[in-house]
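Here is a quick tour of one protein model, written for someone who likes to know the cut-offs behind each term. Have the viewer open and follow along.

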Amino acid sequence: YEYAGPVIERMTMEERLTLCNMSIEGGARFGYVNPDQVTFDYLRGRPYAPQGAAFDRAVTWWKSMASDPDASYEDVKRLDGAAIAPMVTWGINPGQSVGVDERIPTAESVPEQERPTHREALAHMGFEAGQPIAGAKIDVVFIGSCTNSRLSDLQVAAQVAKGNRVAKSVRAIVVPGSQQVSKAAEAEGLPEIFRAAGFEWRKAGCSMCLGMNDDKLRGREMSASTSNRNFIGRQGSPTGRTLLMSPAMAAAAAVTGAVTDVRQILASGR
């Protein structure tokens, strides 16, 4: 998949990385965004990037890789970015998702070949077709994984957590995506913000993304997770349930104890 358009152009490099990371879930082998000034500014000065004149030569070569303005494509899909609400998965694969202000689809509304998986998902998750996803109770919040635990992800989650408290019914953990991210977050005081709100701050690693070590769901617990997959058993319990969402949405779920539209919290300044 190649991603383009004004929304993509305004995305940071980290936001683009998350988008491309999820391309495989849509059936692509990889995701691609044309190299531009955002790319070059992100790479300049990094330890393994070319330096000095070599970087300038590399930029010239990278620019030559970009798709031509008149390039033809096998298929083109256009989405209105302003119309996309924060998304939440309700089922057992990343494609089974709805906007936070939407309802879980009925079997009749999905293609016939997807209906067996639709029924399996409803049975596993304990949801009813047609019910709103907002308000679903959360037991565990996991902010981490290679998909959504970069510094910018932790910054936006901390913005939601600051001045709030994790709901008594929720256990919430934050796991930086790398040691570099962890150090940068610590330099900004993010661990103190999360701890003050009742989150656990962990060392960098995979953690509950795939149920590593003791970071696992227990029994039928429901997780709000920023990881990239929600297959049955993914977070360590064969009966556990995972709702995928963004770091900001996960932080909102932590402080409210349920799936909540984070835009309401940000607008209220809570």
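## A salt-bridge network

Is Glu200 buried, partly exposed or exposed? At a relative accessible area of 36%, Glu200 is partly exposed, where buried means under 20%, exposed means over 50% and partly exposed is in between (1.4 Å probe, protein chains only). Before going further, some ground rules: this is a predicted model, so local features need pLDDT of at least 70 and side-chain atom pairs count only at pLDDT 80 or more, while totals for chains, interfaces and linings use all residues. Residues are numbered from 1 along each chain as its sequence is written, and side-chain values use heavy atoms, with hydrogens and water left out.

Back to Glu200: its side chain meets that of Arg202 in a salt bridge, at 3.0 Å from N to O. The term stands for a side-chain nitrogen of Lys or Arg within 4 Å of a carboxyl oxygen of Asp or Glu. Arg202 is partly exposed too, at 25% relative accessibility. Arg202 also forms a salt bridge with Asp215, and there the closest N and O atoms are 2.8 Å apart. Both Asp215 and Arg202 sit in the loop between strand 7 (200-201) and strand 8, 13 residues apart. Helices (H or I, at least four residues) and strands (E, at least two) are DSSP runs, numbered from the N terminus. Asp215 is buried, with a relative accessible area of 14%. Put together, Glu200, Arg202 and Asp215 make a network of salt bridges.

## A bridge across the chain

The structure holds 7 salt bridges. One of them pairs Glu25 with Arg229, with 2.7 Å between the closest N and O atoms. This pair links distant parts of the chain, 204 residues apart: Glu25 is in the loop between helix 2 and strand 2 (32-33), and Arg229 is in the loop between strand 8 (222-225) and strand 9 (241-244). Glu25 is partly exposed at 27% relative accessibility, and Arg229 is partly exposed at 21%.

## A pocket and a cavity

Now for the empty space. Rolling a probe the size of a water molecule over the atoms shows where such space is left. The search runs on a 1 Å grid over the protein atoms alone: a cavity is a set of points where a 1.4 Å probe fits but cannot get out, a pocket is an open set with protein on both sides within 12 Å along at least five of seven lines, and lining residues have an atom within 4 Å of a point. Grid points are joined across faces, edges and corners, and a volume is the space filled by probe spheres set on the points.

The second largest pocket has a volume of about 250 Å³. Of the 14 residues that line this pocket, Glu14, Tyr42, Arg150, Ser178 and Val181 are the closest to its centre. Helix 2 (13-21) and helix 7 (179-187) are the elements that give two or more residues to the lining, and helix 7 gives the most, with 3 residues. By class, the lining of the second largest pocket has 6 nonpolar, 5 polar and 3 charged residues (Ala, Val, Leu, Ile, Met, Phe, Trp, Tyr, Cys and Pro count as nonpolar, Asp, Glu, Lys and Arg as charged, and the others, Gly among them, as polar).

There is 1 cavity of 30 Å³ or more in the structure. The largest cavity has a volume of about 30 Å³, and its lining includes Leu217, Phe231, Arg234 and Arg241. That lining divides into 2 nonpolar, 5 polar and 2 charged residues.

Which residues have a positive phi without being glycine? Ser145 is one of them, with a phi of about 85°. Ser145 lies in the loop between strand 5 and helix 6 and is buried, at 4% relative accessibility. Ser207 has a positive phi as well, near 55°. Ser207 is found in the loop between strand 7 and strand 8, and is buried with a relative accessible area of 7%.

## Far apart in sequence

Asn148 is in the loop between strand 5 (140-143) and helix 6 (151-161), and counts as buried at 11% relative accessibility. Asn148 and Met222 are 74 residues apart in sequence, with 19 Å between their C-alpha atoms. Pro111 and Ala185 are also 74 residues apart along the chain, and their C-alpha atoms are separated by 44 Å.
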